[in-house]
Amino acid sequence: MMQKRLTKMIFGMLVLVAGLSSCSSYDEVFGNISEPLPADTPPSSTVSQATTSSEFAALEQSVHQQINQYRKSRNLPPLTLNASITEQARIHSEAMASGRVPFSHNGFEGRVKAIAKSISYRAAGENVAYNQGYSKPDQQAVQGWLKSPGHLENIVGDFDLTGIGVTKNAKGEYYLTQIFIKRP
């Protein structure tokens, strides 16, 4: 089962026209983490100051709304946005944008452990994306995730909490991380 799930995740990686997106899931039973291939070009090490945190927060809210609209269309309950989970998602997006970690799920287990300090959980998943040159990077990422079986598995999964982090580096590359949590 673990090999089948890992295979689904690897095939779930989606190459977008202007970027990449990837997903991962982890639960206490299997401890399954999928590591995607890094981006061809390393991101800039400087995060742009041109975009304010309120603009990133608006993009995060938009991703949350789009995901919940999709879940509603499938008769699934909405995901509740959680500040602790969002903090971990933001930290990861910032690390990828600055080049401290490659575009990947590196450190996913650590993010889940940090979340577990304040929220007990039964399962966790993560989608990441980056893109550049789109007027609506949030919509581009969500549309890419919805077309990818691995990402879609997280989006429609049996989760009840989520956190979303969005940032942009000096090159104009947007990095998005969405973490999914299922409480016991």
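User: Is Arg 183 buried, partly exposed or exposed?
Analyst: Arg 183 counts as partly exposed, at 37% relative accessibility; buried means under 20% relative accessible area, exposed over 50%, and partly exposed in between (1.4 Å probe, protein chains only). This is a predicted model, in which local features need pLDDT of at least 70, side-chain atom pairs count only at pLDDT 80 or more, and totals for chains, interfaces and linings use all residues. Residues are numbered from 1 along each chain as its sequence is written, and side-chain values use heavy atoms, with hydrogens and water left out.

User: Which side chain does Arg 183 meet in a salt bridge?
Analyst: That of Asp 160, at 2.9 Å from N to O; a salt bridge is a side-chain nitrogen of Lys or Arg within 4 Å of a carboxyl oxygen of Asp or Glu. Arg 183 lies in the segment after β6 and Asp 160 in the loop between α6 and β5, 23 residues apart. Asp 160 counts as buried, at 18% relative accessibility.

User: How many salt bridges does the structure hold?
Analyst: The structure holds 6. Among them, Asp 158 pairs with Arg 122 at 3.2 Å and with Lys 182 at 3.4 Å, N to O in each case.

Notes. Helices (H or I, at least four residues) and strands (E, at least two) are DSSP runs, numbered from the N terminus.
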